[in-house]
Amino acid sequence: MHDAYQDGWVEINGLRLHYTEWGSPAKPTLLMLHGLNVTCHTWDPFARELQKNYHVICPDLRGHGDSDWAREGYRVRQFAHDIHRFIDALGTGPVHLVGHSNGVRVGIAVAGERPEMVRTLALSDAGPQNSPSGAVAMRDFLTATTNLRGFRDESDARAFYLGHHPEWQPEFIDLHVKYQLRKNWAGKLVPKQDPDLQWITGSISLPDVTYLWSMAKRLSMPTLVMAGRTSNVIDAEVVDKMLATMPNAKATWFDSGHYFLRERPDEFLSCLSAFLSEHEAA
């Protein structure tokens, strides 16, 4: 099935947010939340398949992609409030909710604050907190990829992304080159995301950890925790705490790192589809 999405925009909390919409609105809604410094298009290969059974909606979170930057900031509760308003504005709830990396943190907040609006929750390689090494790894990665001076052309950008992610399947490199960047006034390709997003990995977000663990206790819906065995973001200790805290959760491990969905997309899609199908039929 070819790409057959529609672009949409909605005004939320004074921000114009962009999203892609796949499949028929008559089908159950699946909302997919991306991580830091990427766009909704990172979900394209999965939405292309999942639209056969679901109405798939992938928003660009505030500060990302084609959505507005937010002068008020990027705390997890601000992201979550956007998504609450987004679901209400589109009239799509309750939804199946999927998040990767920072999308996990947002997903936990959304589902914890309004559990009646989330049918199932799938969390990809993140949790209420990172492992100690994960906090350092994410800070260093965001510093390296946020404050880029720009690229001369797409081949220059492709070489950069391949250098950082040689293990990714080629389509995800192509999606980064196509959708992560914009051409500035000087003719250079520069990142679309707000540079202020990098502060999420700093001390400003420490209060979010306690809050997110408190939200995790309220996740009564079926929850799938997916984690990479060699992830530099979370580890077995964090996953075990998530399973002990979340009332209705199970875990699946991938023989890969943090980006297993881009390294092993077929395996990720199979795992997610099986989870969704199990609870769609229930």
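Good morning. I begin with a cysteine: C58 is buried, with a relative accessible area of 0%.

In general terms, a disulfide is a covalent bond between the sulfur atoms of two cysteines. How many disulfides does the count give here? The count is zero. For C58, the nearest cysteine sulfur belongs to C40, and it lies 6.3 Å away. A disulfide requires the two sulfur atoms to be within 2.5 Å, and C58 is accordingly in no disulfide. C271 is likewise in no disulfide, and in its case the nearest cysteine sulfur is that of C58, 18 Å away. Is C271 buried or exposed? With a relative accessibility of 18%, C271 counts as buried.

I turn now to the charged side chains. Across the whole structure, the search finds 12 salt bridges. I shall discuss several of them.

One of these joins E171 and R48, with a distance of 2.8 Å from N to O. Where do the two partners lie? E171 belongs to helix α6, which covers residues 170-179, and R48 belongs to helix α1, which covers residues 44-50. The pair therefore ties together parts of the chain that are 123 residues apart in sequence. As for accessibility, E171 is partly exposed at 31%, whereas R48 is buried at 15%.

A further salt bridge is formed by D88 and R114, whose closest N and O atoms are 3.2 Å apart. D88 lies in helix α2, residues 76-90, while R114 lies in the loop between α3 (102-113) and β6 (118-124), so this pair ties together parts that are 26 residues apart in sequence. D88 counts as partly exposed, with a relative accessibility of 43%, and R114 also counts as partly exposed, at 21%. Which residues make up the network of salt bridges to which D88 belongs? The network links D88, R114 and E116.

The last pair I wish to show is R264 and E267, whose side chains meet in a salt bridge at 3.3 Å, N to O. R264 is partly exposed, with a relative accessible area of 34%, and E267 is partly exposed at 33%.

To summarise, this predicted model has zero disulfides by the count and 12 salt bridges by the search. Thank you for your attention.

Notes
Residues are numbered from 1 along each chain as its sequence is written. This is a predicted model: local features need pLDDT of at least 70, side-chain atom pairs count only at pLDDT 80 or more; totals for chains, interfaces and linings use all residues. Side-chain values use heavy atoms; hydrogens and water are left out. Buried means under 20% relative accessible area, exposed over 50%, partly exposed in between (1.4 Å probe, protein chains only). A salt bridge is a side-chain nitrogen of Lys or Arg within 4 Å of a carboxyl oxygen of Asp or Glu. Helices (H or I, at least four residues) and strands (E, at least two) are DSSP runs, numbered from the N terminus.
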